[in-house]
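I opened a new page for this one and jotted things down as I looked them up.

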Amino acid sequence: MSDPIIVCRCEDVTLQEVREWISRGYTSLEDLRRILRLGMGPCQGRTCIPIVQRELARMTGKSIDEIGSPTGRPPAVGVELGAFTSD
Amino acid sequence: MTMSKSPAEIFGYSFPDIRETQLLIVGGGPAGLSAALQALKLGLKVTLVESGLELGGQLVKQTHKFFGSSLERAGTRGFRIAQELIKELTPFKGSGQLEVYLSTTAIAVYPERIVLLSQLSGKVFPIKPKAMIIATGAQERMLPFPNNDLPGIYGAGGIQTLMNQYGVKPGKRALIVGAGNIGLIVAYQLLQAGVEVIAILEAMDRIGGWWVHAAKVRRYGVPILLKHTISRAIGKEKVEGAVIAEITPDGLKDKYQVECDLIGISVGLTPTVDLLRQANVKMKYVAFMGGFVPLRDREMRTSQSWIWVAGDSAGIEEASTAMIEGQIASTSVAKWLGYISEEEAKREIDQLWARLGYLREAEVSSKVRKGLEEVLVTWGG
């Protein structure tokens, strides 16, 4: 097996893991996010999502438009919880 | 029927005061600054938010002279363009027409046209604009290869930030991956800072950036290896070297092993569209423009009638075109809010489009022209 290649640095997910789970049938970004926590760390997928979108497209034959992007939810970047608890 | 009490009345709390503004511009780079200036000149009240410590965006890192058109300040170095734009904004700050928030990030967009701003100090507060221009720029793409998480491996833009903004020399011996404009320019800036550059690798069979920039690094004797890429980084605690591979029809063929303590990855940018996604703006994947980009009409207006886009967040291009797009967006906002007539707006926007056309004539812009065909729409109603 080749050396691990990190795609998601926040959650330490490798390209090999991504490929393995795609071949097991986890063929959407949401599936992969749930099973691997891919793109759910502090950077919210800025690094890994474009790489994984291309990998999904290559392995499933779908277009990147069909694969789509994860749902955008607030907050766009990390915010301390304290900011919401008091004035 | 009598009105029942609101939860706020029953439980005795109050909502935070929601500041109102006419035009909220998110991002203080070339697109946002130009949008702000145009809107202010047309009489609008503007709130400009910038997540960084200072205005200027990527312009403040650009030490080279721009070319293109004198209207877009060709012949001036990037950071000076930022200084000029900021200077032109100053009088409007004094008159209260412009409010600038630095170290402030827009983190949420709600359908009620409320935007949450988060400040470095820890404060979060809502603002309610009549219109918003998203000019959030782009982010760097990463390349998957073994050991790509070693310290000493940066996005090329990160190297620029360290050197040109913070005055930190990032290494002694560098390898650059990607011969687009950013890769070429960063290689040159590294040389200027006294860093040795071993080579620039380019996966394609041609140089992606402008020849002017390529010629500058070639004159220093730096090889640009076409159809080559990095196949792995070497090192334990930090980068100590790299293996360079040739891209052949049969896959990667390892060819050279080099020593270096710095690797700059410059394999393209992706538009930063988080807020547009939150706002459910219609988007499309256009590889030529760097990823998912918002559909927009000729006035840079998105599928959400109160949201416009400008600059790299609308599709990866250049600072000069970003500045014009910012002006187009603000002209359209001014028309929508009744500050200028339909005819005045049309005349202005036609002129701005002519300038875009001039800047996009070059061969390197052919991808942008193709990409635009896919995202330029006419909104009904």
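This is a predicted model: local features need pLDDT of at least 70, side-chain atom pairs count only at pLDDT 80 or more; totals for chains, interfaces and linings use all residues.

**A hairpin to begin with**

I started with two strands of chain B: β13 (residues 241-248) and β14 (residues 251-259) pair in the antiparallel sense, over eight bridges.

How many residues sit between β13(B) and β14(B) in their hairpin? I found two residues between them.

Then I picked out one pair. I looked up Ile247(B), and its bridge partner in β14(B) is Leu252(B).

**Chain B as a whole**

I went through the secondary structure next and noted ten helices and 19 strands in chain B.

For the overall extent, I have a box of roughly 80 × 50 × 40 Å along the principal axes, filled by the C-alpha atoms of chain B.

Why does a radius of gyration of 23 Å for chain B agree with a compact globule? Because a compact globule with 381 residues would have a radius of gyration near 21 Å, and the 23 Å of chain B agrees with that.

I also checked burial: 49% of the 381 residues of chain B count as buried.

On to contacts. Taking those in chain B with a separation of 6 or more, I see that 62% are between residues 24 or more positions apart.

**Domains**

I looked up the domain assignment for chain B. Domain 1 comes in two pieces, 17-139 + 269-375, while domain 2 covers 149-265.

How far apart are the C-alpha centres of domain 1 and domain 2 of chain B? They lie 31 Å apart.

Where these domains of chain B touch, five residues of domain 1 are in contact with seven residues of domain 2. I sorted the domain 1 side by class and got two nonpolar, two polar and one charged.

**Where chain B touches chain A**

Last entry: the contact between the chains. Chain B puts in 26 residues and chain A puts in 24 residues.

Which elements of chain B give two or more residues to its side of the contact with chain A? My list reads β4 (104-110), β5 (114-119), α7 (274-278), β17 (283-286) and β18 (291-294), from chain B. The most comes from α7(B), which gives four residues to that side.

By class, I wrote down eleven nonpolar, eight polar and seven charged residues for the side of chain B that touches chain A.

Conventions: Residues are numbered from 1 along each chain as its sequence is written. Chains are lettered from A and ligands numbered from 1 in the order in which they are written. The radius of gyration is taken over C-alpha atoms; the globule rule is 2.2 Å times the number of residues to the power 0.38. A residue is buried if 20 or more other C-beta atoms lie within 10 Å of its own, exposed if 12 or fewer, and partly exposed in between; C-beta atoms are placed from the backbone. Two residues are in contact if their C-beta atoms, placed from the backbone, lie within 7 Å. Ala, Val, Leu, Ile, Met, Phe, Trp, Tyr, Cys and Pro count as nonpolar, Asp, Glu, Lys and Arg as charged, and the others, Gly among them, as polar. Two strands pair if DSSP finds at least two bridges between them. Domain bounds come from an automatic or database domain assignment.
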